[in-house]
2 protein chains.
Amino acid sequence: MHVLLAVDQAIGADILDTEQILADELRSENSYVSDILQHSTRFRGKRLRPMLLLLTAKACGGIKHDHKVLAAVVEMIHLATLVHDDVLDEAATRRHVATVNARWNNETSVLFGDYLFTHSFHLASSLPTTYGCRCIGRSTNIVCEGELSQIKERGNLDLTEETYFKIIDGKTAELTALCGHLGAFFACADQATTAAMEQYGRSLGLAFQIADDVLDLMGDEKKTGKTLGSDLDKQKLTLPLIRLLATASEPDATEIRRLLAQPDDSTRERLTPYFERSDAFEYTSRRAQSLAQDARRQLDGLPNSTAKRILADIADFAVQRTF
Amino acid sequence: MHVLLAVDQAIGADILDTEQILADELRSENSYVSDILQHSTRFRGKRLRPMLLLLTAKACGGIKHDHKVLAAVVEMIHLATLVHDDVLDEAATRRHVATVNARWNNETSVLFGDYLFTHSFHLASSLPTTYGCRCIGRSTNIVCEGELSQIKERGNLDLTEETYFKIIDGKTAELTALCGHLGAFFACADQATTAAMEQYGRSLGLAFQIADDVLDLMGDEKKTGKTLGSDLDKQKLTLPLIRLLATASEPDATEIRRLLAQPDDSTRERLTPYFERSDAFEYTSRRAQSLAQDARRQLDGLPNSTAKRILADIADFAVQRTF
């Protein structure tokens, strides 16, 4: 059975409740705002983060109302970062639909992202204690630092693997780690289990981001439904390129750097021969697989359950998308 | 005695504590982030919002530690909106210092604004209950809607006073109203006093924004230290212009609209003769004065104190800046 179908069977009703909480929070009497909200529902994604949080909760003892609120909060934060990312990347489409900046303008996107951020915190503050707010505040701080580091390193053709991993740990894995943490903590899991589920989320997030970076380099725009090659345009080095540069011959590396330093529409294509005689994608795949395996290992201490099995399958799914 | 000197004597030590809380929250080991933080301290403003919150607290019974935390939170939110405003306005300087977007780039500004937002919520969640988080979440939602409405109405040369007031109520007065509310509430003031102090903040914020809008039209860049005329550039109609258009003769109104529809560096100057034969600034001043008076009236129920007197003086100061 496909993993998304299994998710639907296991927690479909809880996901629907989460969607309802999200829709109730994101409601506006202002027609301009409600138009943007309406439009943005069209690039609704996989809801990976709510899924992770709810499945973790289920695997750790059971889903409560607070979990659904938190799942909506985390999704809203993710949406906010996507809206701002699309401004930064000057992306025209996301999930086959015009981005907010393309349809309206950059100003609207910046403010709409802010709107989603503030609503996520507002929703989080509806919980009985400040614990959720504190975790969410802390993680979003780290997400922003990760994104800022990414900007700092743009155009750095000597980016190391270490810095790359630091960046994606902040900008992506921090939020998936938070899902694991909140799912377990609010299900009253013990400290060790909560830490393991947080690590599950972190390793999964890293694997997922690596797969996403590979897609940006070699994916098909028609299939993925988003503007690709933007990492090259923005001179953001990702794992396959870091490996390619590290292992290429001196003359090849020089030529690759020349291509990367002046990106245009043909850059992706012109890199192909270099990738073909390199182990860069194989190496990247190995790294992602190993992270997915680490994620699965974190589940070992949980009692057997459907939710646990699906969490393991999601780890596989995260890397199968590309490799 | 000048009002700022009186503020300093009355709550100088509390303002310093607030600055320390702010500095402790905004600390980063990431050199890129800490450079931006360092730079942004150079356009430190009047700290109007922390002042309002702390003076309200003092006038309502006394300043507690929570007030200082909340004052830092509200200032951080204000800073976040300024950073994003500077992106939207493509402003080059603020308080005589290069804006983050001018010194770094728009991407960095967007993310740095997000960073300030998430840190403000993180700091708010350090309070013992969710009450502060809820108020702050709710108000920042309204601020974002106000800013989005402003974008929507850009270029609308038929903007009504009613819509103008709705916009500034959201984008500016909501946050100053929040300062009044939190100052009183956390000093354990009764419901009526808390409502009055919230209204004080709201009326003051409206008066303040009107004065700011007048400055943008007729201020001196050297004195104000910021890029002026940006409302004209962005075709944002403000109260003096709305009044000017509403009262001008048919041919004058046509000519004014023509000027507003194609703004350039000479627009401010070319509007001068129309303003000179109009009551627009006088009318605007009257509206601002009346709001300042309403703010002062809200203080009537408070026992006499230095803090109360300063709050009344701030209401005068808000409108004296320009008129």
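A residue is termed buried if 20 or more other C-beta atoms lie within 10 Å of its own, exposed if 12 or fewer do, and partly exposed in between, with C-beta atoms placed from the backbone. The views below show a predicted model, in which local features need pLDDT of at least 70, side-chain atom pairs count only at pLDDT 80 or more, and totals for chains, interfaces and linings use all residues. Residues are numbered from 1 along each chain as its sequence is written, while chains are lettered from A and ligands numbered from 1 in the order in which they are written.

**View 1. B:Cys188 lies in the loop between helix H8 (161-185) and H9 of chain B.** Helices (H or I, at least four residues) and strands (E, at least two) are DSSP runs, numbered from the N terminus. Although B:Cys188 is not a glycine, its phi is positive, at about 65°. B:Cys188 counts as exposed, because it has 12 C-beta neighbours inside 10 Å.

**View 2. B:Arg47 occupies the loop between helix H2 (31-40) and helix H3 (48-59) of chain B.** Phi of B:Arg47 is near 55°, a positive value in a residue other than glycine. The residue has 18 C-beta neighbours inside 10 Å and therefore counts as partly exposed.

**View 3. Helix H9 of chain B spans residues 191-218.** Its 28 residues reach 41 Å from the first C-alpha to the last, close to the 40 Å expected at 1.5 Å a residue; the expected span is 1.5 Å times one less than the number of residues. Of the 28 residues of H9(B), 21 are buried, so the helix is largely enclosed by the rest of the structure.

**View 4. Helix H7 of chain B comprises residues 131-152.** This helix has 22 residues and reaches 32 Å from its first C-alpha to its last, close to the expected 32 Å. Because 16 of the 22 residues of H7(B) are buried, the helix is largely enclosed by the rest of the structure.

**View 5. Helices H1 (residues 3-25) and H4 (residues 65-88) of chain A cross at roughly 60°.** Their axes come within 8 Å; axes are lines fitted to C-alpha atoms, for helices over the stretch in contact, and angles run from 0 to 180 degrees between N-to-C directions. H1(A) and H4(A) are therefore oblique to each other, the class left after angles under 35 degrees (roughly parallel), over 145 (roughly antiparallel) and 65 to 115 (roughly perpendicular). The contact is made by residues including A:Asp14, A:Ile21 and A:Glu25 of H1(A) and A:Lys68, A:Ala72 and A:Met76 of H4(A), two residues being in contact if their C-beta atoms, placed from the backbone, lie within 7 Å.

**View 6. The contact between the chains takes 36 residues from chain A and 36 residues from chain B.** Helix H2 (31-40), H4, helix H6 (106-124) and helix H7 (131-152) of chain A each supply at least two residues of the side of chain A that touches chain B. H7(A) gives the most to that side, with 13 residues.
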